[in-house]
Amino acid sequence: MEPDPAGADPAAVAARRRRLAEVFGDVLPEATSDDRPDRDPSSGADERWYTENRPPHHGG
């Protein structure tokens, strides 16, 4: 988002931001699943999911 011009009416600036948010929404979430502390990479859950969902033509 481009900076607000100096001396712009605060109500107009707020209305513009509100309209942009209605149209485009949040571009990025506040935190991704990688950022959350409850994720335990040592559990092997990701690897297990990939193994369980491997297509048959990939062997093994």
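How many residues has helix α1, and how far does helix α1 reach from its first C-alpha to its last? Helix α1, residues 10-24, has 15 residues and reaches 21 Å between these atoms, close to the 21 Å expected at 1.5 Å a residue. The expected span is 1.5 Å times one less than the number of residues.

The model is predicted: local features need pLDDT of at least 70, side-chain atom pairs count only at pLDDT 80 or more, and totals for chains, interfaces and linings use all residues. Residues are numbered from 1 along each chain as its sequence is written, and side-chain values use heavy atoms, with hydrogens and water left out.

The protein contains two helices and zero strands, taken as DSSP runs (H or I, at least four residues, for helices; E, at least two, for strands) numbered from the N terminus. Gly25 follows α1 and has a positive phi, near 65°.

Of the 60 residues in the protein, 3% are buried (under 20% relative accessible area, with exposed over 50% and partly exposed in between; 1.4 Å probe, protein chains only). The protein exposes about 5,800 Å², of which carbon and sulfur atoms supply 54%.

Helix α2 spans residues 45-52 and includes Thr51. Thr51 is partly exposed, at 41% relative accessible area. A polar atom of the Thr51 side chain lies 2.9 Å from the backbone oxygen of Glu47.

One aromatic pair is found in the whole structure. The rings of Trp49 and Tyr50 have centres 5.0 Å apart and planes at 85°, so the pair is edge-to-face (ring centres within 6.5 Å, the six-membered ring being used for Trp; planes over 60 degrees apart). Tyr50 is exposed, with a relative accessible area of 54%.

Key: Areas by Shrake-Rupley, 256 points an atom, 1.4 Å probe, with all protein chains shown as cover. Phe/Tyr/Trp six-rings, centres within 6.5 Å; stacked < 30°, edge-to-face > 60°. Polar contact = N/O pair within 3.5 Å; in protein donor to acceptor, adjacent residues only side chain to side chain.
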